[in-house]
Amino acid sequence: MRGAVRPRGSAWLIVAAAILWLALTILLPLAAVFAEAFRKGASTFFAAFAEPDALAAIFLTLKVAAVAVPLNAVFGVAAAWAVTKFEFRGKTLLLAVIDIPFSMSPVISGLVWVLLFGANGWLGPQLDSLGIRIIFNFTGILLATILVTLPFVARELIPLMQTQGSDEECAAITLGAGGLTTFLQVTLPNIIGALLYGVLLCNARAMGEFGAVSVVSGHIRGLTDTMPLHVEVLYNDYDFVGAFAIATLLAGLALVTLALKTWLEWRFAGELARGNRRTARTA
Amino acid sequence: MSLIVENLAKRFARFPALKGVSLTAEPGEFLALLGPSGSGKTTLLRVLAGLETPDTGRVAFEGEDFLAMSARERRVGMVFQHYALFRHMTVARNIAFGLRVRPARLRPPRAEIAKTVERLMSLVRLEGLGDRYPAQLSGGQQQRVALARALAIEPRMLLLDEPFGALDAKVRKELRQWLREVHDATGVTTIFVTHDQEEAMDLADRVAVLNAGRIEQIGAPQVLSEAPASAFVFDFLGDSNRAPCRIEGGRAVFDGFSAPLAAPGVAGGATTAWFRPHETLVERTGEGWPVTVTGRLIKSAIVRLECRGAAGAIFEADFPKDAPQADLIVGAEARLKPKRVFAFAESSSE
């Protein structure tokens with residue numbers, strides 16, 4: 001915050017306007033979520049979670065994130081490693097491809113899987129004859145989630161690893177370290193902050209994704225409804241308390257993400273600043 | 001012969017970095033690779049370390065085919081231009097790294113590693129700084145950690161890439177002397193890359209001058225300065241003046257005067273004469289090119305005169321402060337001629 005000064009005079013007006021705007025657009029809706037959820041008292045609120053369909057939705061969301069996030073973390077590290085430590089043909093192309101999910105509407109990210117694997121899709125009939133079902137079940141939801149959250153970790157790591165270069169790895173190798181030792185003892189500690197940061201953002205998106213998942217899920221209650229989808233289902237059923245109760249979990253996830261993000265930024269301040277280049281997310 | 005490099009060639013996507021480099025090094029020799037940026041000296045060093053693979057050529061060290069070995073098998077200590085210290089490890093952990101990552105059966109016991117680290121820290125004069133992180137050290141200190149880390153693996157050969165490039169002049173001079181002492185104490189064959197001719201000439205047993213991916217000349221510093229093989233070597237090793245001349249009877253002949261050749265054996269005919277500022281005479285009258293003094297610079301005990309000749313040619317001449325010529329002021333008219341000149345076959349100039 002070097003160079004920042006305390007606001008004076010008219011500056012206060014701008015600060016106040018910004019705070020008011022934030023309150024209107026973020027804090028008020030957030031408060032509304034909690035207010036609605038508790039409107040009929042705490043017992044109704046907790047009863048919403050006793051619903052088997054609600055529990056199934058929560059469990060499905062956790063399951064999807066538990067598979068998608070580690071996969072994308074591994075992919076992100078591998079892609080960043082390849083792009084920043086080696087020279088090869090098609091590098092720019094790979095970088096552009098990694099960015100595609102950021103610039104594409106999530107609906108498309110869901111729709112492509114239906115086009116590929118749906119009943120009338122390119123590969124649908126063949127897979128169907130083999131008895132393999134991909135759309136309207138866990139696999140489809142997982143694929144859609146992976147596609148949407150693919151760039152988060154890679155995008156966090158690439159700029160950082162680009163500034164760090166590969167001298168330390170070269171030094172480790174000349175000192176007799178093998179590939180795995182070099183990665184674990186030299187590369188990983190240098191990128192751990194950015195990696196956790198990327199994983200955090202990736203996780204928040206994986207759990208909160210609506211559009212892409214909605215296309216491939218098929219909305220089978222208790223089976224293929226994730227938390228965000230279940231909120232919509234309950235809301236359409238006029239079960240407002242139930243909808244907002246589940247929504248508090250998602251809002252809580254956002255708050256926890258925010259807290260962890262702040263902690264990471266404080267703990268790895270220098271490292272994250274070095275690689276600072278965040279790509280705007282498309283909702 | 002401990003190191004034999006034969007006919008190395010390496011091409012990067014757009015430009016050839018090495019175009020047939022051959023050299024040898026004796027056991028315990030201190031060799032400098034000197035050249036301008038882009039001359040291929042760092043590429044050559046990285047090939048020796050195993051960090052680059054040449055397209056063609058051979059590298060043998062103590063009878064072993066180095067190109068068949070990976071970088072980690074070669075046990076070559078490398079000091080990088082920007083040190084490449086492990087930023088999240090303390091100084092002591094950095095130095096111990098090469099020992100700690102050895103496979104269990106080759107790894108020295110913990111106490112022995114600690115002892116080695118202690119010994120190296122005192123060798124590089126960093127006692128008491130073992131718990132610091134690289135970011136908490138000065139550039140010179142980081143450089144010494146990098147050297148200690150490379151020495152910890154008892155390297156069969158030590159490679160240094162522009163070891164003093166990022167340091168200020170005073171620290172550089174101190175470290176230079178000290179590096180020579182460390183080399184003499186450990187006796188390890190050492191090759192270092194530099195673009196600073198003074199550093200190379202001061203420090204090395206032999207200097208290899210590289211230009212555009214080729215070795216122009218390799219030899220002891222005195223040989224390079226007394227018998228440069230090409231105009232490039234002469235020009236790169238220090239400030240130089242040049243003038244067109246004709247070679248006749250072992251002398252360089254100019255308009256109405258001549259100068260002796262520093263080394264015989266140049267074919268007769270028209271060529272370029274090269275000479276150093278400290279072997280350039282300026283007199284108020286007499287033979288030589290008519291020149292005007294255009295600049296005057298005092299460098300401790302030496303006065304440097306910058307003179308402009310008739311056709312716009314610029315010459316530099318150095319004198320001791322107490323020489324009579326040192327009194328010439330800017331604007332003065334004088335005569336300038338070389339005491340002796342070097343001449344080369346034309347093809348190798350530039």
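Which residues of the largest nonpolar core touch the most other members?

1. Basis of the note. This is a predicted model, in which local features need pLDDT of at least 70 and side-chain atom pairs count only at pLDDT 80 or more, while totals for chains, interfaces and linings use all residues. Residues are numbered from 1 along each chain as its sequence is written, and chains are lettered from A and ligands numbered from 1 in the order in which they are written.

2. The largest core. B:Ala32, B:Ile95, B:Leu159 and B:Ala208 touch the most other members of this core, which has 91 residues. A nonpolar core is a set of buried Ala, Val, Leu, Ile, Met, Phe, Trp, Tyr and Cys residues joined through C-beta atoms within 7 Å. Buried denotes 20 or more other C-beta atoms within 10 Å of a residue's own, with C-beta atoms placed from the backbone. Helix α5 (residues 139-152) of chain B gives the most to this core, namely seven residues. Apart from this core lies another, of 60 residues, including A:Phe152 and A:Tyr197.

3. Helix α5(B). Helices are DSSP runs of H or I with at least four residues, and strands are runs of E with at least two, numbered from the N terminus. Because 11 of its 14 residues are buried, α5(B) is largely enclosed by the rest of the structure. Among the buried residues are B:Gln142, B:Arg144 and B:Arg149. The partners against which the buried residues of α5(B) pack include α4 (110-123), β7 (157-161) and α6 (169-186) of chain B. After the helix comes B:Glu154, with a positive phi near 45°.

4. The sheet of chain B. An open sheet is formed by four strands in the order β2-β1-β4-β5, with antiparallel pairing; strands pair if DSSP finds at least two bridges between them. At its edges are β2 (16-25) and β5 (64-65), each pairing on one side only. Strand β1 (residues 3-11) is joined to β2(B) by seven bridges, and B:Ala9 stands opposite B:Lys19 in β2(B).

5. The contact between chains. Chain B contributes 19 residues and chain A 14 residues, a contact being C-beta atoms, placed from the backbone, within 7 Å. On the chain B side, α2 (71-74), β6 (76-79) and α3 (91-100) each supply at least two residues.

6. Confidence. Chain A has an average pLDDT of 88, and 93% of its residues score at least 70; pLDDT is the predictor's confidence in each residue, from 0 to 100. Over residues 275-283 of chain A, pLDDT stays under 50, and the model has 13 contacts beyond four places in sequence for them.

Note on methods: Two residues are in contact if their C-beta atoms, placed from the backbone, lie within 7 Å. A residue is buried if 20 or more other C-beta atoms lie within 10 Å of its own, exposed if 12 or fewer, and partly exposed in between; C-beta atoms are placed from the backbone.
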